[in-house]
Amino acid sequence: MKYPKKWRFKPLNLDLYHWLLVIPWPRFLLLVGSFYLSANALFALGYFWIGEGIANAQPGSYRDLFFFSVQTLSTVGYGSMYPETMPTQILVTFEIMVGLVLLAILTGLMFARFSRPTAKVVFSEVAVICHYNGLPTLMFRTANQRDNRILEAQVQVTMLKNEISPEGYHFRRFYDLQLLRSRTPVFGLSWSVMHPIDENSPLNNATYHSLIQLKAEIWVTLTGLDETFSQTIHTRHVYLVDHILWDMRFVDIFWEDSYGRVGIDLTRFHDVIPASKIPSSLLKEAKGRDREII
């Protein structure tokens, strides 16, 4: 199908700076190392093409020319090899200029990657739907894996599903899910996020099969202020329909030692049990616990 010229799709332009900031560290270091070796190999070919213009280098030795390029690009200059001819002096000048520019760029990238605020927050692998305070409730939990706290933390949960308008238009639409608690002044240990499924909820009367047909997804975004760096951090997570379990409940992950210190057991963070095995009285008492945010 041919589109009018003004409607034709344009290829996405790669933002190189952003890409270098977000790729994993092993891939970034491999890329930097590969580029560094390639640049030295290229300049070594230039010295090889010029000919014998480097003192104390073995004639025709590409190895000596390569390591001379390494010393020049890094501006080390041990003095054992040095340029003798004018063409070599010109190429050395150009290589030193390239080395200074690359050093400045690499320093900026390394600083930006280290200083970029990140959230080390874990979300439960599944979400559950069980009764809480007499209403079916969508629940999942999240925990801060760092020792510091996240201040003024806010969580937003959105349901994404397919819809067809009366005119026959197909849409992918977002619906905000109202939470029992959407923000907390201090996020230190664990946070159980709950959405009561009442008559106003987009999940009202929903079943596993109906959500599959709608290709529904639950999107979660969490933002807050890092206590250590005073910078805003954010993270997100997506629950597909297969990640939502009906009539299940999360197990308790909190422990307390003899000194009264409270912690969480992350080894059981994703574990669930049938909701029928938990007395309803315990579900009501959970709201009064001060060790878990709900």
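**A tour of the salt bridges**

In this predicted model, the count of salt bridges comes to five. Side chains of opposite charge can pair when their charged atoms come close. Let's visit some of the pairs.

**Stop one: R173 and E163**

Select R173 and E163 and show their side chains. They form a salt bridge, and the closest N and O atoms are 3.3 Å apart. Now colour the strands: R173 belongs to strand β7 (residues 170-177), while E163 belongs to strand β6 (residues 150-164), so this pair ties together parts that are 10 residues apart in sequence. Is R173 buried, exposed or something in between? With a relative accessibility of 34%, R173 counts as partly exposed.

**Stop two: R172 and E217**

Next, select R172 and E217. Here is another salt bridge, with 3.6 Å between the closest N and O atoms. Which parts of the chain does this pair link? R172 sits in strand β7 and E217 in strand β10 (residues 217-226), so distant parts of the chain, 45 residues apart, are linked.

**Stop three: R268 and D271**

Finally, move to R268 and D271. Their side chains meet in a salt bridge, at 3.9 Å from N to O; the cut-off for such a pair is within 4 Å. Keep the surface on and compare the two partners. R268 has a relative accessible area of 37% and is partly exposed. D271 is partly exposed too, with a relative accessible area of 33%.

How values were computed: Residues are numbered from 1 along each chain as its sequence is written. This is a predicted model: local features need pLDDT of at least 70, side-chain atom pairs count only at pLDDT 80 or more; totals for chains, interfaces and linings use all residues. Side-chain values use heavy atoms; hydrogens and water are left out. Helices (H or I, at least four residues) and strands (E, at least two) are DSSP runs, numbered from the N terminus. Buried means under 20% relative accessible area, exposed over 50%, partly exposed in between (1.4 Å probe, protein chains only).
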